[in-house]
Amino acid sequence: MNFRVILFILTLSCVANLSPTQADERVFFAFDDHSIPWRHNLKVSLVEAEKHSGNPVLRRGPKGAPDHGHAILYGTVIKDGETFRMWYLGMIQTEIEKGQAPGWWRPMCYAESQDGINWTKPELGLVEFNGNKKNNICLIESPIHSMTRVNDFLSVLYEPNDPNPNRRYKVAYIAHMPYDDIKGGMSNIGVKEHRVGTTICATSADGLSWKVVGDRPANAGGERFEVSSLYRFGDFYYSTGQLLSPWTWRPDGSKTGRNVLAFRSSDFKNWSQATAHAYSRPGQLTNPPVEGEQMHMGMGLWNRGNVMVGLHGMWQNASTKPEKGENWNKGVHIDLGLVISNDGVHYREPVPNFKVIPRGEPGTWDDTALLQGHAFVNEGDKTMIWYSHWDTSGNLKAMEIGLATLRRDGFGFLSAQEDDNDSEFITDFFELDENEKISLNVAGLSADDELTVELLDQRAEPIPGYSTKVSISGLRVPVEWSKPASSARKRALRVRFPVGSPAKVYAIYLQK
């Protein structure tokens, strides 16, 4: 029995052991001013992630390997059962040509781990490379060869409940296709290119052998696009990514640097030609815009059921132009900031320009520009986040994959602004199921420093019998009422802090 068959059987057997599905839990993050809009004497403090001491945790391969040039997380990490699975971009060569990988191909590579730190690269036996199939390259098949050549960001979506087992894994990636290969052509907006940034979608039963969807890119007939995410939110699949002028522009028609647009599809086959503006950094929208401020490669995203959270690239142009003969973007630096969306389309920064993962100090492995992936896993008491490094000088220095961690769901917390005053917050209204349990992710509590938690009705008035004290710190501290809560279409939660409270509230969970 070969590796693919074994892995597929294990995948199916693990479906029942997956953590609760997104629909089974709702998360109200402290930094989400839509889920928690009403606040008194409270501030949001975001938290910088802690980088792993052994970074980078996944390194490029030896000479002759498909990731010898680099191994970067223009990709995805998920946990399936007890196994962490990673899809990333390798690069065969150790030098680029005119800013691109030679041959316009960076293979989709695969790795796995039992702890998210120590990774192996299994021999998949799928793709002929250097005279044999002993490598970790995933197979992508299509009658149109250029549609199979991944060259930039790939985003894997796992839907174990898809009724078609051949569609349980889905991916969107960038292929730079020759114009004449694109059935349906492209729009007349912008500049006609010899090779076009296209969005290719593919499906798989095991995440290793893929078949391209359809005979043309998802953005055929539209503008070039650099897709960087794939997720399902509500009734639609969404792909977001970056575009810049002349293919897109600011609301008034003026030129813009890289910003995020979103496409959508109801069936993963037919995608909208119309796009939504998903995100720009604040400085891109001022008049005049902040010099050199852009976002980079869309966003690496994490679907938490009722909310999307993720990281975006905080691009800043070099302070001086590169010398003649130097790489065009030498001196560009990028840190990673936090974004959130409540509708899956429109994103915002809770605290503009806060660096969740900053680039390292000069001389460290990640000191130039950071790249975000779709790579978030809650494991034990930690949130694990994988990221990678981009050498903007074009020399491929230290272009490998690192790990950073936070307290579980600990991107940020609410705490008192002024110590000599009480504080409170009230959530937005939500539908409450009688089987749902409410819990808090909170720190700083004790018997002498309690929070008061109240359930409110549709008029935001306290419901008799539904007020309680919480005095224990923890990741999921239950909120227990004196009597069971009945199902209701409109409820809210009020949390009160006493004067001088040291409490830090990170999140509220509603879980079935």
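Ala460 counts as partly exposed, at 31% relative accessibility. Here buried means under 20% relative accessible area, exposed means over 50%, and partly exposed lies in between (1.4 Å probe, protein chains only). Ala460 lies in the loop between strand E29 (451-456) and strand E30 (462-470). Helices (H or I, at least four residues) and strands (E, at least two) are DSSP runs, numbered from the N terminus.

This is a predicted model, where local features need pLDDT of at least 70, side-chain atom pairs count only at pLDDT 80 or more, and totals for chains, interfaces and linings use all residues. Residues are numbered from 1 along each chain as its sequence is written, and side-chain values use heavy atoms, with hydrogens and water left out.

**Backbone exceptions**

Most residues other than glycine have a negative phi, and most peptide bonds are trans. Ala460 is not a glycine, yet its phi is positive, about 60°. Trp104 is not a glycine either, and it has a positive phi of about 55°. Trp104 is found in the loop between strand E6 (83-91) and strand E7 (108-113). With a relative accessible area of 27%, Trp104 is partly exposed.

Two cis peptide bonds come next. One joins Asn55 and Pro56, with omega about -10°. Pro56 lies in the loop between strand E4 (50-51) and strand E5 (70-80). The other runs from Asn287 to Pro288, with omega near 0°. Pro288 is in the loop between helix H2 (282-285) and E18.

Is Arg304 buried or exposed? Arg304 counts as buried, at 9% relative accessibility. Its place is in the loop between strand E18 (293-303) and strand E19 (308-316). The side chains of Arg304 and Asp409 are joined by a polar contact of 2.6 Å. A polar contact is a pair of N or O atoms within 3.5 Å; within protein, one must be able to donate a hydrogen and the other to accept it, and residues adjacent in sequence count only if both atoms are side-chain atoms.

Arg304 also lies over the face of Trp302, at 4.4 Å from the ring centre. The charged end of Arg264 sits over the ring of Phe236, 4.4 Å from its centre. A charge sits over a ring if NZ of Lys or CZ of Arg is within 6 Å of the ring centre and within 35 degrees of the ring normal.

Trp302 belongs to an aromatic cluster with Phe29, Phe31, Phe376 and Phe411. The whole structure holds 23 aromatic pairs. Rings of Phe, Tyr and Trp (its six-membered ring) pair if their centres lie within 6.5 Å; planes under 30 degrees apart count as stacked, over 60 as edge-to-face and the rest as tilted.

**Sheets and strand pairs**

Five strands form an open sheet in the order E9-E13-E12-E11-E10, with mixed pairing. Strand E9 (139-141) and strand E10 (152-158) stand at the edges with a single partner strand each, so one side of each has no neighbour in the sheet. Two strands pair if DSSP finds at least two bridges between them.

Another open sheet has 4 strands in the order E14-E15-E16-E17, and its pairing is antiparallel. Its edges are strand E14 (226-233) and strand E17 (276-279); each has a single partner strand, so one side of each is left without a neighbour in the sheet.

| Strand | Partner | Bridges | Facing residues |
|---|---|---|---|
| E12 (residues 195-204) | E13 (residues 209-212) | 3 bridges | Thr203 and Lys211 |
| E15 (residues 236-243) | E16 (residues 259-265) | 7 bridges | Gln242 and Val260 |
| E28 (residues 437-443) | E33 (residues 504-511) | 7 bridges | Val442 and Val505 |
| E28 (residues 437-443) | E31 (residues 474-479) | 4 bridges | Val442 and Gly474 |

Why is strand E28 largely enclosed by the rest of the structure? Of its 7 residues, 6 are buried, so the rest of the structure largely encloses E28.

**Nonpolar cores**

The largest nonpolar core has 60 residues. A nonpolar core is a set of buried Ala, Val, Leu, Ile, Met, Phe, Trp, Tyr and Cys residues joined through side-chain atoms within 4.5 Å. Among the residues with the most contacts inside the largest core are Trp87, Met108, Leu154 and Trp210. Strand E11 (residues 169-178) gives the most to this core, with 7 residues. A second, separate core has 29 residues, including Ile438, Ala485, Val495 and Leu510.
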